[in-house]
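Please look through the sequence and the 3D structure below before reading on.

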Amino acid sequence: MPHTGQYEEPIGDDGKLCVRKDHWEIHYYFLGPDMRYKGTFLTIDGSRVQGLIDAYRAAFERYEQLKQSVPAGGSLTVLADMNLTIRVRGFNEGVCISNSHLPVSSSAQLEQRVQNYRRAIERASVVQKMLAAL
């Protein structure tokens with residue numbers, strides 16, 4: 001019987017990198033607003049992470065533009081690529097994943113999110129090599 005294994009480690013932003021010899025992904029679990037509501041699970045396939053980085057950058061650029069055009073007192077929600085949502089002057093303002101989670105509303109937050117995903121890409125490659133050697 002061939003040996004298999006799975007490796008897990010946190011990547012920041014409450015995400016968890018999960019790596020197997022032939023596949024990797026990032027898992028999130030978002031709590032509901034209180035105990036009456038179930039939480040939300042989100043899995044991002046490793047093959048989609050670079051696309052998610054690109055989508056975050058594009059959505060953040062659009063968010064910055066929209067902030068200038070939404071009138072005071074109003075709010076706007078716009079769907080973007082890769083399961084991202086842009087929220088201006090409303091609940092969880094910024095670029096959110098899975099509708100309203102982990103809002104990114106500053107360049108520093110964007111760069112931290114991108115850095116977390118790039119680190120996940122690099123770590124997945126290293127760990128897959130380790131698992132292949134088992």
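A nonpolar core is a set of buried Ala, Val, Leu, Ile, Met, Phe, Trp, Tyr and Cys residues joined through side-chain atoms within 4.5 Å, where buried means under 20% relative accessible area, exposed over 50% and partly exposed in between, with a 1.4 Å probe and protein chains only. The model is predicted, and local features need pLDDT of at least 70, side-chain atom pairs count only at pLDDT 80 or more, and totals for chains, interfaces and linings use all residues. Residues are numbered from 1 along each chain as its sequence is written, and side-chain values use heavy atoms, leaving out hydrogens and water.

The largest nonpolar core has 34 residues, of which Ile 26, Tyr 28, Ile 44, Tyr 56, Ile 97 and Tyr 117 touch the most other members. Among the elements that give two or more residues to this core are strand S3 (23-30), strand S4 (40-45), helix H1 (49-69) and helix H2 (107-132); helices (H or I, at least four residues) and strands (E, at least two) are DSSP runs, numbered from the N terminus. H1 gives the most to this core, with nine residues. In soluble globular proteins, nonpolar side chains tend to be buried together.

The buried residues of H1 are Val 49, Leu 52, Ile 53, Ala 55, Tyr 56, Ala 59, Phe 60, Tyr 63 and Leu 66. Because they cover an arc of only 160 degrees around the axis, they lie on the same side of H1, the arc being that of the directions from the helix axis to the C-beta atoms. The face of H1 turned away from this buried side carries the exposed residues Glu 61, Gln 65, Gln 68 and Ser 69.

Strand S7 (residues 94-97) and strand S8 (residues 101-104) run antiparallel and are joined by two bridges; two strands pair if DSSP finds at least two bridges between them. Ile 97 stands opposite His 101 in S8. The two strands form a hairpin with three residues between them, and Ser 98 in the turn has a positive phi of about 50 degrees.

Gln 6 lies in strand S1 (residues 6-12) and counts as partly exposed because its relative accessibility is 44%. Its side chain makes the polar contacts in the table, a polar contact being a pair of N or O atoms within 3.5 Å; within protein, one must be able to donate a hydrogen and the other to accept it, and residues adjacent in sequence count only if both atoms are side-chain atoms.

| Side chains | Polar contact |
|---|---|
| Gln 6 and Glu 8 | 2.8 Å |
| Gln 6 and Arg 20 | 3.3 Å |
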